[in-house]
Amino acid sequence: MLEVDKKEAHLLQKAIRQWESESLITPEQASRLKETWRIRAGDWQVVTLYIFIAAISCALMAFGSLVLDEKWIEVLRLKFSLTDGIISTLFAALTVFLCFHGYRRQHRHPEYSLNREAFWLLPILSVGVSVVYLGKTLLYLNGNYGVFWLLATATYGILGILLSSRLLWSATLLCLIPAYVKLTYYISGGSFFLGMNLPCRMILLAVIMTGIHLLIRNNRLYKQVGDITWAGSWLLLFLSGWMISIFGNSATWDEWQHVRQVQLLWWVAAFTVMCVLALIWGIKKHDAMVRDMAVMFLLLDLYTRYFEYLWDRTHKGVFFTILALSFWWLGKLLEKRLKRTRNQG
């Protein structure tokens, strides 16, 4: 029997009543359908989620205290005469063991659980330690830290795909950003890379991530984690666009200080248009994530412009009144459109 919460049960009952009133199902069928689910006694899943979040947080703090401090590793190094290369190899072997153990657990209990997913935090940490000590062994290739960030990214990505782990794939995307930043800084040797400052480069990365997602979204293994890439690439795109609307293509703080605000209006207009287009696209494609993110950043854009251009020039009450009326009008327009669409359907 299907277990649902109160909100889901209300929706199912409403749908059955509608089908019954339209004679799509008989009263007997409606009665049988109502017996196919039951309301959950308590939403323990939310409580479990909070408990696992607390466990992960404590594990990260323990990792920071033990590993980043390096004291216990240094004790082991002195006692057993370990080199950085041996420490890296030991943690790589630990990663292999943890992944093999996690893979076996996953096959014994294929149903998704927070407990199973939280386990992948251990190989994430062991990979990080292994890569750090590998970097120490190679003296970080004379300061080319991006290569080692990229190695960690590739490792997390391969493991995330093969093991269908959303946590490992999230670590992949989080590692990809510093890898990209470090590599572009190292290659360019300055603040600009191909004529782009950091926010502009991040826009390029977001576009590349979105393109790769669209190319491989139907892959059987990738489907399990594809939504994380989709959400992450849009978030990076909006954040980068917002930063560009503030700083333009300025390379340094001093350079930005000498830029007149009117020179940034083109960037502001481009970001606003991007938010509006993303909002329209999200509504048309019924993509709630893109739609909601576009609305959030459109609001952030308007507030940012207010503090940039109008903070000292307009009455605060007048500005927020205009803002409230404009959003009320927009909400009313969207509500009318939704009603028209339902009536047509």
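The model is predicted, so local features need pLDDT of at least 70 and side-chain atom pairs count only at pLDDT 80 or more, while totals for chains, interfaces and linings use all residues. Residues are numbered from 1 along each chain as its sequence is written, and side-chain values use heavy atoms, with hydrogens and water left out.

**Aromatic pairs**

- The structure holds nine aromatic pairs; rings of Phe, Tyr and Trp (its six-membered ring) pair if their centres lie within 6.5 Å, and planes under 30 degrees apart count as stacked, over 60 as edge-to-face and the rest as tilted.
- Among them is Trp 169 with Tyr 222, an edge-to-face pair at 5.9 Å centre to centre with 80° between the planes.
- This pair links distant parts of the chain, 53 residues apart: Trp 169 is in helix α10 (residues 166-188), and Tyr 222 is in the loop between α11 and α12 (226-247).
- Trp 169 counts as buried because its relative accessibility is 11%, and Tyr 222 is buried too, at 3% relative accessible area. Here buried means under 20% relative accessible area, exposed over 50%, and partly exposed in between (1.4 Å probe, protein chains only).
- Phe 238 and Phe 297 make a stacked pair, 5.2 Å centre to centre and 10° between the planes.
- That pair also links distant parts of the chain, with Phe 238 in helix α12 and Phe 297 in helix α15 (residues 288-310), 59 residues apart.

**Charges over rings**

- Lys 136 puts its charged end over the ring of Tyr 133, 4.6 Å from the centre. The cut-off is NZ of Lys or CZ of Arg within 6 Å of the ring centre and within 35 degrees of the ring normal.
- Arg 201 lies over the face of Tyr 185, 4.5 Å from the ring centre.

**Helix α5**

- Helices (H or I, at least four residues) are DSSP runs, numbered from the N terminus.
- The buried residues of α5 include Phe 91, Leu 98, Cys 99 and Arg 105.

**Surface patch**

- Leu 204, Ile 208, Ile 212, Leu 215 and Ile 216 form a nonpolar patch on the surface.
- Ile 208 lies in helix α11 (residues 198-216) and counts as partly exposed because its relative accessibility is 41%.

Key:
Patch = residues over 30% accessible without salt bridge, like charges linked within 9 Å, V, L, I, M, F, W, Y side chains within 5 Å. Areas by Shrake-Rupley, 256 points an atom, 1.4 Å probe, with all protein chains shown as cover. Salt bridge = Lys/Arg side-chain N within 4 Å of Asp/Glu carboxyl O. Helix = DSSP H or I, 4+ residues; strand = E, 2+ residues; numbered from the N terminus.
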